[in-house]
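Student: Could you help me learn to read a protein structure, one feature at a time?
Tutor: Gladly, let's look together.

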Amino acid sequence: MENVCEGKDFNFPEQEEKILGLWKELDAFKTQLKLSEGKPEYIFYDGPPFATGLPHYGHILAGTIKDIVTRFQTTNGHHVIRRFGWDCHGLPVEFEINQKLNIKSRKDVLDMGIDVYNEECRAIVMRYSKEWESVVVRMGRWIDFENDYKTLDPQFMESVWWVFKQLYDKGLVYRGFKVMPYSIGCNTALSNFEAGLNYKEVSDPSIMVTFPLLEDVDRAAMVAWTTTPWTLPSNLALCVNPKFTYVKAQCKATGAVYIVAESLLSQLPTKKGKSEASNGSIAKSSDVSVKTNNNDGNKVADKNGNLKKEKTKDANSSSYNILSRMSGLDLAGKRYQPLFEYFLELSDVAFRVLSDEYVTDVSGTGVVHCAPAFGEDDYRVCLMAGIIDSNEDLPDPVDADGCFTEKVEDFKGLHVKDADKAIIAAVKTKGRLVSAGSISHSYPFCWRSESPLIYKAVPSWFVAVEKIKDNLLKNNKLTYWVPDFVKDKRFHNWLENARDWAVSRTRFWGTPLPIWRSSDGKEIVVIGSVKELEDLSGHKVTDLHRHKIDHITIPSRRGPEFGVLKRVEDVFDCWFESGSMPYAYIHYPFENTELFEHNFPGDFVAEGLDQTRGWFYTLMVLSTALFDKPAFKNLICNGLVLAADGKKMSKKLRNYPPPMDVVSKYGADALRLYLINSPVVRAESLRFKEEGVFAVVKDVFLPWYNAYRFLVQNAGRLVIEGHKPFTPLSHKDLQNSDNVLDHWINSASQSLVRFVHEEMEAYRLYTVVPYLLKFVDNLTNIYVRFNRKRLKGRTGDMDCRIALSTLFYVLLTTCKAMAPFTPFFTETLYQNIRKLLGPTAERSIHFCSFPPVEGESDERIERSVTRMMTVIDLARNIRERRNKALKIPLMEMVVVHPDEEFLDDISGKLGEYVKEELNVRGLITCNNPLKYATLRAEPDFSLLGKRLGKAMGVVAKEVKSMTQDDILNFEKSGEVVVSGHHLSAGDIKVIRDFKHPDGVNKEDIDAAGDGDVLVVLDLRQDDTLMDVGTAREIVNRVQKLRKKAGLEPTDSVEIFFRTLGSKNDGQKNNTLERIFKMQASYIQEAIGSPIFEMDMLPSDAVVLASEHFDGVANGSFQISIARPSICIVDDKKF
């Protein structure tokens, strides 16, 4: 093995760059795929991102999760195809082009030509593909970019056609209207998911309008409230709740008679003077209290239905006289005078009161004005009432650009939002305005164009999701999610409330709907393949985009006199394309039939929490509709990565460090582990902090690296010292080791392998890093620390080789187990240590199999070592509390525990480690807890209080009065009955209070415990031990001087000493003289170098460092470190 630098000099990012070069040289990813050919397939679906933007932490997180899982499955015996995918169609691309070409309307596109527009779109879809590839590769993710899939590929689009035709043939496709969130800025409908992405606080009009009833004896008028005056020209009906009580209320000031829900009478304005006109009078905004009805399409509040109201005076009995009461059902069918005359041709069926329970009495007036083109419930109730027909065009006077058409001649050409003031003025002129004001509320905006959304009925082709809802819920139960609450709650609820899916968009750049229809609408052909279109049309087809196929017609089956069928203009919602990915990315069913049919559903997908309403949903809908199966078996859902202050990461605010800057400082492995070891992998949010990435380097990689470096150094030392080069012993030879820590670390490494395997099979990535952290800590601070002498060869050559071989195999096993998580670091270590494995060793650690679990873990020894460390920590705490530094030797310690096996281990196999670590001469064990402690019982009030209620006082008193024997019996049995109540182990706390032995002063003894082990330290000093303590201090000073001189542990040097005068009288210090002589063998063994008196230092010696030390044994001494030289050694050498 080649020698390696100190941890402080190891540059993680630079080393990762070298590993990237190695992988390129090996063509590592392709080689791995080739090596795993013929093994069972593990099918991974990669959700396609858009390449019109750069990757951010969310992409890096999802990519890391995907890479870890697919790397693990490869090492675990699978062949894992990983192809990168690109989402190339849809609104994000069109929006970019609209900005670039200053396109404002649909007409602009048609004027320039769909062909020109689409080719402009095609030109930018891969704009940042190279940047994406650079980031993905730098993060260590192995995925195929050369054989990627794109949603614009003809093969992909053809499979999308096939999917749609299957749904059509199953009777799951129909044409209809749907009121959807509509982006005026992008001239397209959005999904409800997209509509919820961008809410802003806005001020909108708030008005109440009268609708006088025809033939009413009191000339009463229904009163409706709205925040979208622009919908009033399209009013066709009013709606009330059949179960509510409504009142005719006459205003005392004006005489006007209004009909509103009785529970909402207080929402009417208080009039201060007469100004009646045609049963409509106006009040200022200061006189009106307003609320919204959440079911009323464009009459929206915020995402939760909440609305900020102005403080106003309520209408009351002093302002209105109640003339009569009636139910909502009594009002149903009554006709009213239209507010505008634009749709009088519908008078036979429209302008009447409908009833439906969607109307609420928590807002508004209990009367909803219905414009079926602009409200989902409006559309539904008007359709049920026969006012509109689902097969005919809707009364919709708003064009695709959000402007009024000629149908509304008074406001023609006005943008709907700009028309509000003019419409309010018109309503006022008609005498129909009851009140006018404004309201502040949260309103949805387009996430692309930043324009306010409206709700608009658009003709669309639907997938009948509601027909398959039960199957969706059934198939969801067949999937495994991490975390499971996202599946069982969020996703389940979304499926349970699933609505029919509008899959068409009136756009240009996308996969065209494969629907050819006759001009009379009576003949429809849905195409499922390129060949089918070619056969029916006689045209050769090479590209399926609109400008390449819109001109193609299909002759009518009914004969020439019926003309030809033309393609409908719509394209697919890009979510339909991504939901078709499991079939389309391999061009199924036209290719790869066996691969798909033998491996569907896929094994694994992973994306963010937002995809529960996006990609996860569309995958589930299409797979259920096609095959009545889920699309995937296993899913990891991650949360959001936020800025350190908890806000959304923003380029404008610059509130986060750029990802590649972090990688350049700390390395990709550190960023990978930081992200994985966080709540974000459990679908929670992560506040990204750069110092957290640094902590991973400090707490995980540096200790891990130092253990590896210790192996390399001491393997190299054997050669330097003239021994046979290090070659790892066989596993069989290592089994014969009589060292307890060898057995322990081998057992612990097997436990690590078992744990990682189990957790990865369960897709719980977030549990692995904490376990690794603890393992690395144990490896460095227990195995390497406690075995320094063995590893440095101080206990004999064979024992050294056993220890080095043990460390070698543990590091190799750890690297193989952790390779999916830290691909760079494990590769770095492996490339050096594999030189000891011989010519048959794999060229990359990522070509190795996941390490098998070899034999059972030794739970006893792992438990005993854990307790040993507890004993050491407790004893250290006592020393610290009593100001007894570790350099001060103590005579004796006692370990108290009822487990005889542990006591045997701590006094036998582990005893020497404990004594050396704690600088204690003797160790005694005791299995009698009453010898050094008194026991007392305390009830756990937090657990028992609620359960026992009033009986708690009596029970608490009896528990506290339990005798020593009672407590011992309780600990043995784990249960006890107190005052008729059964109490178990968790209900009672057993507290061990240290009991000072008779005849020993309190200041001479102390103890500490953790509820399991009790440690007792004899603090009395013995002068015979002081020399040992001083020798340890001398060793400490020499080791610090070696480090100061920049020496490696393997560097061969000689140590020279001279004792100097005492601090007080300058006379020679006999104590130090004696210690240097009497403890010479210990000092030499500890520092690993021969030690001589200073007068033995040759005059031509190369002195590397020299220093005077004061304050040791009340004296001073000088140490010099020199290169070895040839000299005559006499009996003055120690």
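**Rings, strands and a sheet**

Tutor: Ring pairs join Phe 10, Phe 12, Phe 701, Trp 704, Tyr 705, Tyr 708 and Phe 825 into a cluster. This is a predicted model, where local features need pLDDT of at least 70 and side-chain atom pairs count only at pLDDT 80 or more, while totals for chains, interfaces and linings use all residues. Residues are numbered from 1 along each chain as its sequence is written, and side-chain values use heavy atoms, with hydrogens and water left out.

Student: How many aromatic pairs are there by this rule?
Tutor: Rings of Phe, Tyr and Trp (its six-membered ring) pair if their centres lie within 6.5 Å; planes under 30 degrees apart count as stacked, over 60 as edge-to-face and the rest as tilted. Here the count is 63 aromatic pairs. One of them is Phe 596 with Phe 627, a tilted pair at 5.7 Å centre to centre and 45° between the planes. The pair links distant parts of the chain, 31 residues apart: Phe 596 belongs to helix α19 (residues 593-597) and Phe 627 to helix α20 (residues 615-627). Helices (H or I, at least four residues) and strands (E, at least two) are DSSP runs, numbered from the N terminus.

Student: Is Phe 596 buried or exposed?
Tutor: Buried means under 20% relative accessible area, exposed over 50%, and partly exposed in between (1.4 Å probe, protein chains only). Phe 596 has 5% and is buried, whereas Phe 627 has 28% and is partly exposed.

Student: Why is strand β6 largely enclosed?
Tutor: Six of the six residues of β6 (residues 221-226) are buried, so the rest of the structure largely encloses the strand. Both faces are covered: Ala 221, Val 223 and Trp 225 on one side, Met 222, Ala 224 and Thr 226 on the other.

Student: Which strand pairs with β6 in the antiparallel sense?
Tutor: Strands of a sheet pair through backbone hydrogen bonds, either parallel or antiparallel. Two strands count as paired if DSSP finds at least two bridges between them. Strand β5 (residues 199-212) pairs with β6 in the antiparallel sense over six bridges, and Pro 212 stands opposite Ala 221. Strand β9 (residues 257-261) pairs with β6 in the parallel sense over two bridges; there, Tyr 258 is the bridge partner of Ala 221.

Student: What is the order of the open sheet of four strands?
Tutor: The order is β28-β27-β34-β33, with mixed pairing. The edge strands, β28 (920-926) and β33 (1005-1009), each pair on one side only.
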